[in-house]
Amino acid sequence: QVQLVESGGGLVQAGGSLGLSCSASGSIFKINAMGWYRQAPGKERELVAHITSGGTTNYADSVKGRFTIARDSTKNTMYLQMNSLKPEDTAVYYCNADIVRSGVYFSHIYWGQGTQVTVSS
């Protein structure tokens, strides 16, 4: 069994910073791409940032230059540093990972439970 657990959400004023972490645990053989998504009330879930196993990153236009995604493969952990936060960044943030379990030949997409980020104006 594999589990993704996010941490680090909270309340911050506009212009402030927050850091999120996502740790994967369980019978993991390999983690391919990982990503952060967010879902605001009444809106669809959207991709925020994505990072491949090789470290190539991709960002939504709305967060480019403000957010930084990173991963530590030795710890099966992914990070999202969010700077210059805006009220429109308020959402539940979810981590996502494409994981190959030990003893299994194919990968599967796993999701974390989500962590709330609220940016006040």
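Me: Is E46 buried, partly exposed or exposed?

Reply: Buried means under 20% relative accessible area, exposed over 50%, and partly exposed in between, with a 1.4 Å probe and protein chains only. E46 has 36% relative accessibility, so E46 counts as partly exposed. This is a predicted model, in which local features need pLDDT of at least 70, side-chain atom pairs count only at pLDDT 80 or more, and totals for chains, interfaces and linings use all residues. Residues are numbered from 1 along each chain as its sequence is written, and side-chain values use heavy atoms, with hydrogens and water left out.

Me: Which side chain does E46 meet in a salt bridge?

Reply: Side chains of opposite charge can pair when their charged atoms come close. A salt bridge is a side-chain nitrogen of Lys or Arg within 4 Å of a carboxyl oxygen of Asp or Glu. E46 meets R38 in this way, at 2.7 Å from N to O. R38 counts as buried because its relative accessibility is 6%.

Me: What salt bridges does D89 form?

Reply: D89 forms one with R38, the closest N and O atoms being 2.9 Å apart. That pair links distant parts of the chain, 51 residues apart: D89 is in the loop between strand 8 and strand 9, and R38 is in strand 4 (residues 28-39). Strands are DSSP runs of E, at least two residues, numbered from the N terminus. D89 also forms a salt bridge with R66, where the closest N and O atoms are 2.8 Å apart. R66 lies in the loop between strand 6 (57-59) and strand 7 (67-72), 23 residues from D89. Both D89 and R66 are buried. Salt bridges that share partners join R38, E46, R66 and D89 into one network.

Me: How many salt bridges does the whole structure have?

Reply: A search finds four.

Me: Which backbone nitrogen does the side chain of D89 reach?

Reply: The side chain of D89 reaches that of K86, at 2.8 Å.

Me: Which cysteines does a disulfide join?

Reply: A disulfide is a covalent bond between the sulfur atoms of two cysteines. The rule applied is a pair of cysteine sulfur atoms within 2.5 Å, and the count comes to one. C22 is joined to C95, with an S to S distance of 2.1 Å. C22 lies in strand 3 (residues 18-26) and C95 in strand 9, so the pair ties together parts that are 73 residues apart in sequence. C22 and C95 are both buried.

Key:
A polar contact is a pair of N or O atoms within 3.5 Å; within protein, one must be able to donate a hydrogen and the other to accept it, and residues adjacent in sequence count only if both atoms are side-chain atoms. Helices (H or I, at least four residues) and strands (E, at least two) are DSSP runs, numbered from the N terminus.
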